[in-house]
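Here is a short briefing for a first look at one structure. Topics follow in groups.

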Amino acid sequence: MLSGSAYSADWDIKPSITLREIYSDNIALEDDQESDDWVTDISPRILITADGNRLDLQFDYSLQNLVYANESDRNNSNHRLNTSLK
C-alpha cells in the first residue's frame, strides 16, 4: 500500500504574460532595402513546479506571438518549452 505523504509534492503554478513593443529601422536586416516597422511581442507563459520527496519537476512553457504593424506576412508564433524532472 502506498502512503499519500510519501508521494506528495508542493505544487506551484504561475501564469504570466509579457507585452513588449519593438521598433526597428531595418526590420528585414537588409543593406540595400531597409524598411522600418513596429513589432508587438505578446508572450503568455505558465511555470509549473513541484517539489517533493520523490519528485522535482519544472515545466516552463511560453508562446511568443510577434505581430508586425506594416508587414503582417512576417507575423509568427514561437513555442518555447523547458522542462526538468528529477
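Is R45 buried, partly exposed or exposed? At 36% relative accessibility, R45 counts as partly exposed. Buried means under 20% relative accessible area, exposed means over 50%, and partly exposed lies in between (1.4 Å probe, protein chains only). This is a predicted model, in which local features need pLDDT of at least 70, side-chain atom pairs count only at pLDDT 80 or more, and totals for chains, interfaces and linings use all residues. Residues are numbered from 1 along each chain as its sequence is written, and side-chain values use heavy atoms, with hydrogens and water left out.

**Strands and their pairing**

- Strands (E, at least two residues) and helices (H or I, at least four) are DSSP runs, numbered from the N terminus.
- Two strands pair if DSSP finds at least two bridges between them.
- Strands β1 and β2 run antiparallel and are joined by 16 bridges.
- Within this pairing, R20 has D41 in β2 as its bridge partner.
- Eleven bridges connect β2 with β3, and these two also run antiparallel.
- I48 is partnered by F59 in β3, and T40 by V67 in β3.
- The link from β2 to β3 is a hairpin of three residues.
- β3 and strand β4 (residues 76-85) run antiparallel, with ten bridges between them.
- In β4, N76 stands opposite L66.

**Salt bridges**

- Side chains of opposite charge can pair when their charged atoms come close.
- A salt bridge here is a side-chain nitrogen of Lys or Arg within 4 Å of a carboxyl oxygen of Asp or Glu.
- The whole structure holds four salt bridges.
- One of them joins D60 and R45, at 2.8 Å from N to O.
- D60 lies in strand β3 (residues 56-68) and R45 in strand β2, so this pair ties together parts that are 15 residues apart in sequence.
- D60 is buried, at 13% relative accessible area, whereas R45 is partly exposed.
- Another joins E71 and R74, whose side chains meet at 2.9 Å, N to O.
- E71 is buried, with a relative accessible area of 19%, while R74 is partly exposed at 31%.
- D12 and K14 also form a salt bridge, with their closest N and O atoms 3.6 Å apart.

**An aromatic pair**

- A pair of aromatic rings is described by the distance of the centres and the angle of the planes.
- Rings of Phe, Tyr and Trp (its six-membered ring) pair if their centres lie within 6.5 Å; planes under 30 degrees apart count as stacked, over 60 as edge-to-face and the rest as tilted.
- By this rule there is one aromatic pair.
- Y23 and W38 form the pair, which is tilted, with 5.0 Å from centre to centre and 50° between the planes.
- Y23 belongs to strand β1 (residues 9-24) and W38 to strand β2 (residues 37-52), so the pair ties together parts that are 15 residues apart in sequence.
- Y23 is partly exposed, at 41% relative accessible area.
- W38 is partly exposed as well, at 44% relative accessibility.

- W11 sits in strand β1.
- W11 counts as exposed, at 53% relative accessibility.
- Contact means heavy atoms within 4.5 Å.
- Leaving aside residues up to four places away in sequence, W11 touches I48, T49, A50, L55 and L57.
- W11 and A50 are 39 residues apart along the chain, yet their C-alpha atoms are separated by 4.4 Å.

**Surface and loop**

- I17, L19 and I42 make a nonpolar surface patch of about 300 Å².
- Patches are made of residues with over 30% relative accessible area and no salt bridge: like charges are joined within 9 Å, nonpolar side chains (Val, Leu, Ile, Met, Phe, Trp, Tyr) within 5 Å.
- Accessible areas come from the Shrake-Rupley method with a 1.4 Å probe; for residues, only the protein chains shown count as cover.
- L19 is in strand β1 and is exposed, with a relative accessible area of 63%.
- L29 lies in the loop between β1 and β2.
- L29 is exposed, with a relative accessible area of 73%.
- The phi angle of L29 is near 55°, a positive value in a residue other than glycine.
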